[in-house]
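Colleague: I have a model open and want to learn how to read it. Can you take me through its features one at a time?

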Amino acid sequence: MNPTRQTQGTDDRGAEAAAAVDRFGRPLRDLRISVTDRCNFRCRYCMPREVFGPDFTFLPRDQILSFEEIALVARASASLGVRKVRLTGGEPLLRAELPRLVAMLAGVSGLEVALTTNGSLLAQQARALAEAGLGRVTVSLDSLDDGIFREMNDASFPVRLVLEGIEAAARAGLSPVKVNAVVRRGVNDHTAVELARHFHGSGHVLRFIEYMDVGTTNGWRLDDVVPAREILAAVDRELPLEAIEPAYRGEVARRYRYRDGGGEVGFITSVTQPFCGDCTRARLSAEGVLYTCLFAAAGTDLREPLRSGSGEAELRELLGRVWSVREDRYSEQRSAETAGLPRVEMSYIGG
């Protein structure tokens, strides 16, 4: 199978692109890039402290891709149709000199640069990131209840400082800020409507995420999942909603707007309403492994060819070949049989 095909029209930036497509006809449009495997939070759904404790061995610096190596992968990906890169971690703002990488990526023709963060360092860095060319930011905030939030992040980090980071990002021009909340039954589900009330009319976009079985260390159980339809119904009772169309192919959130004009809210339904059929994402781990699914067990090593002298053309060919044979659709196949299968940890590929 030819790993690329020439699109007949133009993409959302008006430029023609040779798009890599997989075996289900899904184009490669989004690349999530982890810049570090470290994080200053220990959220139980991602990096539980009993696994990622003081004795846990993180990647040594020489095993993590350099900014120059990341930029080379980004350029090769852009030539295959990628239009957005999102920097993740771990916690990406722990990576030193991150604005320099943002500037390098923003200089790649046709690429939008976004970032997902826990918000702990955002107030200090938002301005520099925006000036470097960052286009958008997504902040994780699972509850406005300070006690619940501190328990969920397991680092005793206060809600107040995350909210300060969100407002700093907005002042820096990174608007609208997206705010992601992972919802777990019996943990923070009863605070979901409070989050909706807080961000209603703020100009920010709140998105509720069903608790997912990413990795194998978070103790995921189906009983802990709150179906998005329950949260939608609860929000709709207090703040009436109406559905709106996706903004682009592969958008993961089901979008709704408040009928009173108070903005938008989204629901990410990977468990109860999988969206594999339109998944356009690849993920690059901090040590340079390319994964074609959030729930993958193995990926393709790009660090070795990068450090063996491969250039953009060779990387483009490798990326196109990997994507062309992609058949991933884990969320559609999730069952008792898949529950025990090995999966890469979310902290390595940024969710």
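Modeller: We will go from the overall fold to single residues.

Modeller: Two ground rules come before that. This is a predicted model, in which local features need pLDDT of at least 70, side-chain atom pairs count only at pLDDT 80 or more, and totals for chains, interfaces and linings use all residues. Residues are numbered from 1 along each chain as its sequence is written, and side-chain values use heavy atoms, with hydrogens and water left out.

Colleague: How many helices and strands does the protein have?

Modeller: Helices (H or I, at least four residues) and strands (E, at least two) are DSSP runs, numbered from the N terminus. Here there are eleven helices and 14 strands.

Colleague: What percentage of the residues count as buried?

Modeller: Buried means under 20% relative accessible area, exposed means over 50%, and partly exposed lies in between (1.4 Å probe, protein chains only). Of the 351 residues, 56% count as buried. As for the surface, accessible areas come from the Shrake-Rupley method with a 1.4 Å probe, and for residues only the protein chains shown count as cover. The protein exposes about 14800 Å². Carbon and sulfur atoms supply 49% of that area.

Colleague: What share of the contacts joins residues 24 or more positions apart?

Modeller: Contact means heavy atoms within 4.5 Å. Among contacts with a separation of 6 or more, residues 24 or more positions apart account for 72%.

Colleague: Which residues touch the most other members of the largest nonpolar core?

Modeller: A nonpolar core is a set of buried Ala, Val, Leu, Ile, Met, Phe, Trp, Tyr and Cys residues joined through side-chain atoms within 4.5 Å. The largest one has 105 residues, and Leu 31, Leu 87, Leu 105, Leu 141, Phe 208, Val 235 and Phe 267 touch the most other members. Helix H1 (residues 67–78) gives the most to this core, with eight residues. Take Leu 105 as a case. Neighbours within four places in sequence aside, Leu 105 contacts Ile 70, Ala 71, Ala 74, Val 85, Leu 87, Leu 111 and Val 113.

Colleague: In which sense do strands E5 and E6 pair?

Modeller: Two strands pair if DSSP finds at least two bridges between them. Strand E5 (residues 112–117) and E6 run in the parallel sense over four bridges. Thr 116 stands opposite Thr 138 in E6. E6 is mostly covered, with four of its five residues buried.

Colleague: How is a pair of aromatic rings described?

Modeller: By the distance of the centres and the angle of the planes. Rings of Phe, Tyr and Trp (its six-membered ring) pair if their centres lie within 6.5 Å; planes under 30 degrees apart count as stacked, over 60 as edge-to-face and the rest as tilted. This structure holds six such pairs. In one, the ring centres of Phe 52 and Phe 56 are 4.7 Å apart and the planes are at 50°, so the pair is tilted. The rings of Phe 56 and Phe 58 have centres 4.8 Å apart and planes at 70°, so this pair is edge-to-face. Phe 52 counts as buried because its relative accessibility is 3%. Phe 58 is buried too, at 14%, but Phe 56 is partly exposed at 25%. Elsewhere, Phe 41, Phe 149 and Phe 157 form one aromatic cluster.

Colleague: Where does Ser 143 lie, and is Ser 143 buried or exposed?

Modeller: Ser 143 sits in the loop between strand E6 (136–140) and H4. Its relative accessible area is 0%, so Ser 143 is buried. Now its polar contacts: pairs of N or O atoms within 3.5 Å; within protein, one must be able to donate a hydrogen and the other to accept it, and residues adjacent in sequence count only if both atoms are side-chain atoms. The Ser 143 side chain reaches the backbone nitrogen of Asp 145 at 3.1 Å. A polar contact of 3.1 Å also joins the side chains of Ser 143 and Thr 191. Residues up to four places away in sequence aside, Ser 143 touches Ile 148, Phe 149, Val 159, Asn 188, Thr 191 and Leu 195.

Colleague: Which peptide bonds are cis?

Modeller: The bond from Gly 89 to Gly 90 is cis, with omega near 10°. Gly 90 lies in the loop between strand E4 (84–88) and helix H2 (98–106). The bond from Ser 175 to Pro 176 is also cis, with omega near -5°. Pro 176 is in the loop between helix H5 (159–171) and strand E7 (178–183).

Colleague: What is the phi of Asp 154?

Modeller: Phi of Asp 154 is near 50°, a positive value in a residue other than glycine. Asp 154 lies in the loop between helix H4 (146–153) and H5. Ser 156, found in the loop between H4 and H5, has a positive phi of about 55°. Asp 154 is partly exposed at 27%, and Ser 156 is partly exposed at 46%.
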